[in-house]
Structures are given as structure tokens and as C-alpha cells.
Amino acid sequence: VVQLVDSGGGSVQAGGSLRLSCAPSGYTTGDYCMGWFRQAPGKERERVATIYIGNSRTYYADSVKGRFTISHDSAENTLYLQMNSLKPDDTAMYYCAARIPYYGWRCPDSEYEYNNWGQGTQVTVSS
């Protein structure tokens, strides 16, 4: 099991920006998926964005398209989520997740397919 350390959350006003980071503590090899999920109080956890390291194919939830950008720095082996134009509805605990190893052409949809999770970082957006 690879330990994921996620960070970068905070409190911002609507329209602001934050960048989340996630770094695996162990060595990763082969192809795998990484991404971000979020869970707001009283709501189910939802997939926000994922990236398949094998071909850089990305997925974005409709609610964040055009505002969030997921990226992976292979040299630093760090995952980022740049969040712009934040809205109060983006308020949630954000979790970094990874499926290691994974061989396919796009990342799994279900959170249950991900076998490594970060501890979560809180994002709060005020109006």
C-alpha cells in the first residue's frame, strides 16, 4: 500500500483559487490512476477529477469542467489539482486517491476501485 499525503486546502472567498497537492510516499511503478474525490457534509463522496498516468487521459466532473485542472508532475511524482473560480458548492473534504497498479485506457469510475487514499484536505469557499 502506498501512502498518499494530500495538502493545499484552505478557506477562500468565492471566485478565488487553491491548488491541492498529493505525493505518494512509496515507489510507484508501471501504469496507475490518480485523482481527487470530495465529500461534502451529508452528501456522498464524488469523483472530481482523475488522470491515467499511462496515457494522461483525464476525467472531470461536469460541475468542475473549465474551472479545475488536474496534472501530474512525473519528475516529482506529485499530483496537483488547480481549482479556479471556486464556488461555495465546492466546499468539501477533498481526498487524493490512487489505483496502483492499473492497466486500461481510462481511470475507473467507482471510488471502490481505488486502493490508496490520502487523509483528506478541507476546502471551504465562502460567498
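**Contacts, cores and disulfides**

Q: With which residues is Met 83 in contact, leaving aside its neighbours within four places in sequence?

A: In this predicted model, Met 83 is in contact with Gly 16, Ser 17, Leu 18, Leu 20, Arg 67, Phe 68, Tyr 94 and Val 123. The term applies because contact requires heavy atoms within 4.5 Å.

Q: Which residues have the most contacts inside the largest nonpolar core?

A: That core has 29 residues, and those with the most contacts inside it are Trp 36, Leu 81, Met 83 and Tyr 94. Strands β3 (18-24), β4 (33-39), β5 (46-52), β7 (68-73), β8 (78-83), β9 (92-99) and β11 (121-126) each supply at least two of its residues. Strand β9 gives the most to this core, with 4 residues.

Q: Why is the link of Cys 22 to Cys 96 called a disulfide?

A: The two sulfur atoms are 2.0 Å apart. The rule asks for a pair of cysteine sulfur atoms within 2.5 Å, and therefore the link qualifies as a disulfide. The angle about its S-S bond is -75°, and the link is left-handed. Cys 22 lies in strand β3 and Cys 96 in strand β9, so the pair ties together parts that are 74 residues apart in sequence. Both Cys 22 and Cys 96 are buried.

Q: What makes the link of Cys 33 to Cys 107 a disulfide?

A: Here the distance from S to S is 2.3 Å, and since the cut-off is within 2.5 Å, the link meets the rule. With -110° about the S-S bond, this link is left-handed. Cys 33 belongs to strand β4, while Cys 107 is in the loop between β9 and β10 (116-117), so the pair ties together parts that are 74 residues apart in sequence.

Q: Why is Cys 33 called buried?

A: Its relative accessible area is 0%. Buried means under 20%, so Cys 33 is buried.

Q: How do you know that Cys 107 is buried?

A: Cys 107 has a relative accessible area of 5%. This value is under 20%, and therefore Cys 107 is buried.

Q: How many disulfides are there, and what is the pairing of the bonded cysteines in sequence order?

A: The count comes to 2 disulfides. When the bonded cysteines of the protein chain are numbered in sequence order, the pairing is 1-3, 2-4.

Technical notes. Residues numbered from 1 in each chain as written. Predicted model: local features only at pLDDT ≥ 70, side-chain atom pairs only at ≥ 80, totals over all residues. Heavy atoms only, no water. Core = buried A, V, L, I, M, F, W, Y, C linked by side-chain atoms within 4.5 Å. Buried < 20%, exposed > 50% of the residue type's maximum accessible area, 1.4 Å probe, protein only.
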